[in-house]
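The sequence and structure come next.

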Amino acid sequence: MLVDIFTKISPTPIEEVPEMLRLDHGRISQVSTMIQRIITAGAVLLQCKNLLKRDVRSAWKMEASRIMAVIEAGHPLDTTVDGVMAALESGRSMPAATKGHLRALVTKVLTASQEMAERGREPSEPVLRLLLTRLRGNILTRLAAGSASEKVKATNTAGEKLASLGLSEFVERVREISGLLEKVGAVDRAAHGPWWDAVATKVEQEDMST
């Protein structure tokens, strides 16, 4: 439930957030926005690496940082495309045809991301949809770890999987998101565990009496 709520593309209205998580509504909005930015920047970088025949596991941290800054600025689409292209072209010599192809790919991803955010819907663009699905699965894997040793192993494995997906630039950000969700979940269990147990017991008793 936590991952579903925190990773919705459009932040859940506070009245639709489970009561026990409403104090975390601000965090939910922040994580939701960050997830959208990660998959958008990740999709752009992945498309560029594929077009230029680069290893998708290689970390383009400088480009990722610049692209994230451009996306966060919230400029109109054309200006955002120009900024992203400048980040990708920096230090690289590309033929005019390659630049044109790359610009078309960048425009497609950014347009889909913008529509996704405005409509509050799951992404329809294939790369964005794939990255969002894989990112959610990655976070779930981290949260499912039990013991300290399992958590260390899960963190390392999850980082490697992110890199294989072409999201190596965002390993640290995803680790921070996972850590936040783990803390929120722990607080929720500590504060509302007895209440949930009571509800489960009541439901079980009602089932037995019918």
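## A loop residue with positive phi

Where is Lys 53 found? Lys 53 sits in the loop between α2 and α3. The model is a predicted one, and all values below are computed from it.

The phi angle of Lys 53 is near 60°, a positive value in a residue other than glycine. Most residues other than glycine have a negative phi. Lys 53 has a relative accessible area of 75%; exposed means over 50%, so Lys 53 counts as exposed.

## Overall fold

The protein has 8 helices and 0 strands. Its pattern along the sequence therefore reads α-α-α-α-α-α-α-α. The C-alpha trace spans about 75 × 40 × 30 Å along the principal axes.

Of the 210 residues, 41% count as buried. The accessible surface of the protein is about 11600 Å², and carbon and sulfur atoms account for 54% of that area. Taking contacts between residues at least 6 apart in sequence, 65% join residues at least 24 apart.

In soluble globular proteins, nonpolar side chains tend to be buried together. The largest nonpolar core here holds 54 residues, and the members that touch the most others are Ile 38, Ile 67, Leu 88 and Val 106. At least two residues of this core come from each of α1 (2-6), α2, α3, α4, α5, α6 (126-144) and α8 (171-209). The largest share, 12 residues, is supplied by α2.

What does Val 106 touch, not counting residues up to four places away in sequence? Its partners are Val 44, Val 81, Val 84, Met 85 and Leu 88. Of these, Leu 88 is also listed with Val 106 among the core members that touch the most others.

## Largest pocket

Rolling a probe the size of a water molecule over the atoms shows where empty space is left. The largest pocket has a volume of about 310 Å³. It is lined by 16 residues, of which Gln 36, Ile 71, Gly 74, Ser 113 and Gln 114 are the closest to its centre.

Which helices each supply at least two residues of the lining? They are α2 (25-51), α3 (61-73), α4 (77-89) and α5 (96-119). By class, the lining consists of 6 nonpolar, 8 polar and 2 charged residues.

Technical notes. Residues are numbered from 1 along each chain as its sequence is written. This is a predicted model: local features need pLDDT of at least 70, side-chain atom pairs count only at pLDDT 80 or more; totals for chains, interfaces and linings use all residues. Side-chain values use heavy atoms; hydrogens and water are left out. On a 1 Å grid over the protein atoms alone, a cavity is a set of points where a 1.4 Å probe fits but cannot get out, and a pocket is an open set with protein on both sides within 12 Å along at least five of seven lines; lining residues have an atom within 4 Å of a point. Grid points are joined across faces, edges and corners, and a volume is the space filled by probe spheres set on the points. Helices (H or I, at least four residues) and strands (E, at least two) are DSSP runs, numbered from the N terminus. Ala, Val, Leu, Ile, Met, Phe, Trp, Tyr, Cys and Pro count as nonpolar, Asp, Glu, Lys and Arg as charged, and the others, Gly among them, as polar. A nonpolar core is a set of buried Ala, Val, Leu, Ile, Met, Phe, Trp, Tyr and Cys residues joined through side-chain atoms within 4.5 Å. Buried means under 20% relative accessible area, exposed over 50%, partly exposed in between (1.4 Å probe, protein chains only). Contact means heavy atoms within 4.5 Å. Accessible areas come from the Shrake-Rupley method with a 1.4 Å probe; for residues, only the protein chains shown count as cover.
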